[in-house]
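This briefing goes through a few residues and ring pairs, grouped by topic. Please keep the sequence and the structure at hand while reading.

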Amino acid sequence: MAELAFEADVFHWRGPSPYFFVALPPGEADELRRLSRLVTYGWGMIPVACEVAGVGFTTSLFRKDETYYLPLKGAVRHEAGITAGDRIAILVTVQPPKR
């Protein structure tokens with residue numbers, strides 16, 4: 001599948017379910033839109049393996065506001081030492097959907 005490397009800023013979503021995210025840059029979001037039909041498992045979710053500051057994890061990207069959001073679990077943020085406002089380097093590898 002596809003592998004994407006980029007830098008982005010961490011932000012804190014303070015909505016009804018607070019969480020930390022990274023929004024993918026436009027070029028990477030365009031690439032994912034092209035792949036989405038092949039890998040989505042519903043509601044536009046895209047399964048990925050990620051690495052941030054040497055910390056590997058799996059999650060799913062979801063489409064929002066013309067891009068995709070990458071959720072950052074608390075355990076990942078704590079181990080990587082990152083928080084809202086930090087600019088981080090991310091490696092995202094798109095995974096095939098589990099059907």
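Tyr 19 has a relative accessible area of 31%, so Tyr 19 is partly exposed. The model is a predicted one.

**Aromatic pairs**

- There are six aromatic pairs in the structure.
- One of them joins Tyr 19 and Phe 21; the pair is tilted, with 5.5 Å from centre to centre and 45 degrees between the planes.
- Phe 21 has a relative accessible area of 9%, and because buried means under 20%, Phe 21 is buried.
- Phe 62 and Tyr 69 also pair: their ring centres are 5.6 Å apart. Their planes stand at 65 degrees, so this pair is edge-to-face.
- Phe 62 is partly exposed, at 22% relative accessibility, whereas Tyr 69 is buried, at 9%.
- Which residues do ring pairs link into a cluster? The cluster consists of Phe 11, Tyr 19, Phe 21, Phe 62 and Tyr 69.

**A charge over a ring**

- Where does the charged end of Arg 77 sit? It sits over the ring of Phe 20, 3.6 Å from the centre of that ring.

**Thr 67**

- Thr 67 is found in strand E5, which covers residues 67-72.
- Is Thr 67 buried or exposed? Its relative accessibility is 9%, so Thr 67 counts as buried.
- A polar atom of the Thr 67 side chain lies 2.6 Å from the backbone oxygen of Leu 24.
- Leaving aside residues up to four places away in sequence, Thr 67 touches Ala 23, Leu 24, Ala 29, Arg 33 and Phe 62.

**Thr 59**

- Strand E4, made up of residues 55-64, contains Thr 59.
- Thr 59 has 15% relative accessibility and so counts as buried.
- Which residues does Thr 59 touch, not counting residues up to four places away in sequence? They are Ile 46, Pro 47, Val 48, Cys 50, Leu 70, Pro 71 and Lys 73.

Conventions
Residues are numbered from 1 along each chain as its sequence is written. This is a predicted model: local features need pLDDT of at least 70, side-chain atom pairs count only at pLDDT 80 or more; totals for chains, interfaces and linings use all residues. Side-chain values use heavy atoms; hydrogens and water are left out. Helices (H or I, at least four residues) and strands (E, at least two) are DSSP runs, numbered from the N terminus. Buried means under 20% relative accessible area, exposed over 50%, partly exposed in between (1.4 Å probe, protein chains only). Contact means heavy atoms within 4.5 Å. A polar contact is a pair of N or O atoms within 3.5 Å; within protein, one must be able to donate a hydrogen and the other to accept it, and residues adjacent in sequence count only if both atoms are side-chain atoms. Rings of Phe, Tyr and Trp (its six-membered ring) pair if their centres lie within 6.5 Å; planes under 30 degrees apart count as stacked, over 60 as edge-to-face and the rest as tilted. A charge sits over a ring if NZ of Lys or CZ of Arg is within 6 Å of the ring centre and within 35 degrees of the ring normal.
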